[in-house]
Amino acid sequence: RSLADVETSGLPAGTKTIGIAPITLDTPQNREAMPDADKSTWATLDEVSEQIEAWCSDPSKAESGKVYIIKKESGSKAVFDPTTPL
């Protein structure tokens, strides 16, 4: 069963469920495992936590039932692209 289905999930009314799917996160472990990679395209943990905090502050900005793919281009901030799961 899907947690996104409000009627059958068993979660309290108004609850939103989302998934977060980063391409690559900038973590010490990833830097160690991939020392020659282009780290400018990795989403930082600060970017991810700031977005989660923004959704908590204004839940209307989060689309329930979506998976947010985190993408980042060199020199830009991370983008959280909502997609419908398969």
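The questions and answers below concern the predicted model shown above.

Reader: What conventions apply to the numbering and to the atoms used?
Author: Residues are numbered from 1 along each chain as its sequence is written, and because this is a predicted model, local features need pLDDT of at least 70 and side-chain atom pairs count only at pLDDT 80 or more, whereas totals for chains, interfaces and linings use all residues. Side-chain values rest on heavy atoms, with hydrogens and water left out.

Reader: In what order do the elements of the protein chain run from the N terminus on?
Author: Helices (H or I, at least four residues) and strands (E, at least two) are taken as DSSP runs and numbered from the N terminus. By that rule the protein chain has 2 helices and 5 strands. From the N terminus on, their order is β-β-α-β-α-β-β.

Reader: What radius of gyration does the protein chain have?
Author: The C-alpha atoms fill a box of roughly 50 × 25 × 20 Å along the principal axes. The radius of gyration is taken over C-alpha atoms, and the globule rule is 2.2 Å times the number of residues to the power 0.38. A compact globule of 86 residues would come near 12 Å, but the protein chain has 15 Å.

Reader: What share of the 86 residues is buried?
Author: Buried means under 20% relative accessible area, exposed means over 50%, and partly exposed lies in between (1.4 Å probe, protein chains only). With that cut-off, the buried share of the 86 residues in the protein chain is 21%.

Reader: Which residues does Glu 47 touch, not counting residues up to four places away in sequence?
Author: Glu 47 lies in helix H2, and it counts as buried because its relative accessibility is 11%. A polar atom of its side chain lies 3.1 Å from the backbone nitrogen of Ala 78. With contact meaning heavy atoms within 4.5 Å, and with residues up to four places away in sequence left out, Glu 47 touches Trp 42, Lys 72, Ser 76, Lys 77, Ala 78 and Phe 80.

Reader: How many residues apart are the partners of the salt bridge between Glu 47 and Lys 72?
Author: A salt bridge is a side-chain nitrogen of Lys or Arg within 4 Å of a carboxyl oxygen of Asp or Glu, and the side chains of Glu 47 and Lys 72 meet in one at 3.2 Å, N to O. The pair links distant parts of the chain, with Glu 47 in helix H2 and Lys 72 in the loop between strand E4 (66-71) and strand E5 (79-83), so that the separation is 25 residues.

Reader: Which strands hold Asp 81 and Lys 71?
Author: The side chains of Asp 81 and Lys 71 meet in a salt bridge at 3.3 Å, N to O. The pair ties together parts that are 10 residues apart in sequence, because Asp 81 lies in strand E5 and Lys 71 in strand E4.

Reader: Which residues make the nonpolar surface patch of about 210 Å²?
Author: Patches are made of residues with over 30% relative accessible area and no salt bridge, like charges being joined within 9 Å and nonpolar side chains (Val, Leu, Ile, Met, Phe, Trp, Tyr) within 5 Å. Ile 52, in helix H2 (residues 45-57), is partly exposed, with a relative accessible area of 34%. The residues that make the patch are Ile 18, Ile 20 and Ile 52.

Key:
Areas by Shrake-Rupley, 256 points an atom, 1.4 Å probe, with all protein chains shown as cover. Polar contact = N/O pair within 3.5 Å; in protein donor to acceptor, adjacent residues only side chain to side chain.
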